[in-house]
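Biologist: I have the chain open on my screen and would like to know what stands behind the words used for it. Could we go through them one at a time?

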Amino acid sequence: MKSLLESLREAEGQRVALGHFNVSELTVLKAVTGVGARMGVPVILGVSEGERAYLGVREIAALVDCIRQGSNAPIYLDADHTHNLSGVQEAARAGFDMIVFDASELALEENIARTREAVEAAKAIRETILVEGEIGFIGSGSQIHQERTAPAVLTDPETARQFTEATGVDILAPALGTMHGMLRAMVAGTLRKRVDALRVAEIKAATGKFLTLHGGSGTADDDFRKAIAAGVNIVHINTEVRLAWRRGIEAALVAHPEEIVPYKLLLAGQAPVEQVVCSRLALFNSRSEPNTTSNVA
Ligand SMILES: [Zn+2]
C-alpha cells in the first residue's frame, strides 16, 4: 500500500483531496472502506479520543490493518483531535498513519510549544508518521447547533507560516471558514458553509504544507472545488455521515419494531452512509482546472 505521504503528494499534484470520515462502529467503517475500494480512491478513517476510548486504540488499528490487506485502495488511520502526549504516543505505537494534534484552544505560543512536543514524540516512535497541527477556531464537537456559536475568523497566513516552521508539522489545519458540526438550517439544506479559497491559496503559499479542512459537512460543493484547487488536501466529513447513519437506523427501527438482530438493524444505516461517502469522494476526487488565484506549484 502507498504511504499516506505518497497519497497526499499525488493528491496535491492532481489537485484532488482525500476524504476523511470518522468511525466509531462497523457500519460506517464498512461503508467508507467499501466505497473507497469501489471507487479506487484512498480514504482516511478518523477516530477521535472519544471514538478511540470506545473502540480501543490497538483494536481499531488491527481491524483497519486487516481490512486494508483485502482492499485495492489505500485506507489510512488518523488519531483525530488528540489533545495530549500520551494519546499521541499510544496512536503512534499502534501504527496509526497520522495524528491530528489539537492544542488550538491555547494561545499561539503555547499551541506551538505543545504541538512541537507532539511532533517530536510521535516521530521518535515512528519517523514516517504524519502529524497535523491546528490553528484558529473551528469549534468543537459534531453536534447539530441551534445557532452559530462563534464568528468565523480566518487563520492569518503569516501566523500559519510561523506555526508550521516552529512546530515541524507535516499537515496544517487552519480556520478557513467552516466549523465543526452543522446548524439546523444546514441540515435542512437552506444554508451552506462557505470556504475562503483565496485564504487557502495564501496559506498554501506561506507554508507550503498539506492543508486539511475540518468541519466539511454542509459546505457548498463549489466552495469545496475552489478550496481543493487552491490547496486543500484532506477534507473532514463527519456530521453528514452521522446524520445518515441515524436516519437509516431510525427508519429500520420504526419499520421493523419486532426485529432484535443487531446486524440487521445496523445494516440499515450502511446504504445511507454509503450515499454520503460516495457523493463526497466523487466531488473531492474530481480534478478541477488549475486555480489562477494560486501561485503554488
Ligand atoms: Zn475536526
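Biologist: How do you know where the positive and negative charges of the chain have their mean positions, and how far apart are they?

Modeller: There are 30 positive and 37 negative charges, and their mean positions are 4 Å apart. Lys and Arg count as positive, Asp and Glu as negative, while His and the chain ends are not counted. Each charge is placed at NZ of Lys, CZ of Arg, CG of Asp or CD of Glu. Please keep in mind that this is a predicted model, where local features need pLDDT of at least 70 and side-chain atom pairs count only at pLDDT 80 or more, whereas totals for chains, interfaces and linings use all residues. Residues are numbered from 1 along each chain as its sequence is written, and side-chain values use heavy atoms, with hydrogens and water left out.

Biologist: What makes the protein atoms around the zinc ion its donors?

Modeller: Their distance. Donors are N, O and S atoms within 2.8 Å of the metal (3.2 Å for Na, K and Ca). NE2 of His-81, NE2 of His-180 and ND1 of His-214 lie 2.0 to 2.1 Å from the zinc ion, so they qualify. Water is not among the atoms, so a site may look incomplete. In sequence, the spacing of the donor residues is H-x98-H-x33-H. His-81, in strand E3 (residues 75–82), and His-214, in the loop between strand E9 (210–213) and helix H10 (221–230), are 133 residues apart, and this pair links distant parts of the chain.

Biologist: Why are His-81 and His-214 called buried?

Modeller: Buried means under 20% relative accessible area, exposed over 50%, and partly exposed in between (1.4 Å probe, protein chains only). His-81 has 14%, so it is buried. His-214 has 1%, so it is buried as well. His-81 also has a phi near 40°, a positive value in a residue other than glycine.

Biologist: What makes the radius of gyration of the chain agree with a compact globule?

Modeller: The radius is taken over C-alpha atoms, and the globule rule is 2.2 Å times the number of residues to the power 0.38. For 297 residues, a compact globule would come near 19 Å; the chain has 18 Å, so the two agree. Buried residues make up 52% of the 297. Among contacts between residues at least 6 apart in sequence, 74% join residues at least 24 apart.

Definitions and conventions
Helix = DSSP H or I, 4+ residues; strand = E, 2+ residues; numbered from the N terminus. Contact = heavy atoms within 4.5 Å.
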